[in-house]
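Have a look at the model first, then read on.

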Amino acid sequence: MLTVIGEALVDVVQRSSGVAAHVGGSPLNVAVGLARLDHAVQFVGRFGKDAYGDSIAAHLRSSSVMVPLPPDESPTSVATALIDDDGAASYTFDLIWELPGLAARLPFMLQGTSLLHTGSIATMLEPGAAEVLAAVEHAHPNATISFDPNCRPSIIKDRDYARAQVERFVALADVVKASDEDLEWLYPGVDALESARHWLRLGGSAGPAIVVVTRGAAGPWGVTAAGEAQVDASKVDVADTVGAGDSFMAALLSGIVDHELAGAQNREELHALPVEVLEEILNHAARAAAITVSRPGANPPTRAELNALQPSETESSIERQP
């Protein structure tokens, strides 16, 4: 069982051609992405007893994502996305993030979880962020932990707080993914790849085994103890970039699960991941992101769609540690 914990919301997308509402939230998108890649996954988050909440529940059910928490009495969170003429999205938010009583449910809810993923607003916005951190600490002895900060400076404006909070989660994580924009905002004036190398050292031997940086059209780059790898982004016509990073994250984790590296019992093997395997997993994740950006909204691919997209013929670049 895979578990994703974090925010669910509705994206109200504004384009020059009109307005549409789509279910979203970075962690929810990752959960749906994992389910569409044929993994058993549960989503631990909140939404209200309203029309937007009903659409979230229906969306999760349609992708066979399990939902252990019922809707609550507060309004469902909303993000308004403004899509520019190049397809890039900018956001404003109306959010409620809390999971009261979660701590008491964790022993049962996380039983059998081999991988727990979290990130984004859920790890930054209180009071829910403290509850998410407690869930990660509870799961760590038994599960692989993955984290994507997916920073939202329009919500969390205090850079120092955000950096400290991110580093708490990075130190507990086995797999970390961030965009170059995330890293450049968190560490102004520092090269994003150097910041990722810094993250690999956080937590010592108990810290991350893999840190990946997505760089848009430049393609993803990753680092492990064995070395570094980068692959080209697939060339596609871009509809918009909504959910691209989440589809990448889901496929990155799917690759780790497919290689039978999920679970705390495989932590040592994950830390010894060869760069050739990292390259393979990065290519897999980049193809998933390419499919998502080729169509509107956060619409991650199924495994059949992903398998049908052939790998890029362009060679990847690998640097091994001496």
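This is a predicted model: local features need pLDDT of at least 70, side-chain atom pairs count only at pLDDT 80 or more; totals for chains, interfaces and linings use all residues.

Residues are numbered from 1 along each chain as its sequence is written, and side-chain values use heavy atoms, with hydrogens and water left out.

**Pockets**

- A pocket here is an open set of points on a 1 Å grid over the protein atoms alone, with protein on both sides within 12 Å along at least five of seven lines, and lining residues have an atom within 4 Å of a point.
- Volume is the space filled by probe spheres set on the points, with grid points joined across faces, edges and corners.
- The largest pocket holds about 1300 Å³ of space.
- Its lining runs to 48 residues, with Ser179, Glu181, Thr241, Ala244 and Gly245 nearest the centre.
- Elements giving two or more residues to that lining include strand E2 (9-15), strand E9 (175-179), helix H6 (180-186) and helix H8 (244-258); helices (H or I, at least four residues) and strands (E, at least two) are DSSP runs numbered from the N terminus.
- By class, the lining of the largest pocket splits into 23 nonpolar, 14 polar and 11 charged residues. Nonpolar means Ala, Val, Leu, Ile, Met, Phe, Trp, Tyr, Cys and Pro, charged means Asp, Glu, Lys and Arg, and the others, Gly among them, are polar.
- The second largest pocket has about 210 Å³ of space.
- It is lined by 14 residues, and Leu69, Pro70, Asp72, Leu99 and Pro100 sit closest to its centre.

**Cavities**

- A cavity is a set of grid points where a 1.4 Å probe fits but cannot get out, and there are 2 of 30 Å³ or more.
- The largest cavity comes to about 60 Å³, and its lining includes Ser120, Met124, Cys151 and Trp185.
- That lining has 7 nonpolar, 2 polar and 1 charged residues.
- The second largest cavity is about 40 Å³, with Glu7, Arg46 and Trp97 among the residues that line it.

**Phe93**

- Phe93 belongs to strand E6.
- Its relative accessibility is 23%, so Phe93 counts as partly exposed (buried is under 20% relative accessible area, exposed over 50%, partly exposed in between, with a 1.4 Å probe and protein chains only).
- Leaving out residues up to four places away in sequence, Phe93 touches Leu9, Val78, Ala79, Ile121, Arg152, Ser154 and Ile155 (contact means heavy atoms within 4.5 Å).
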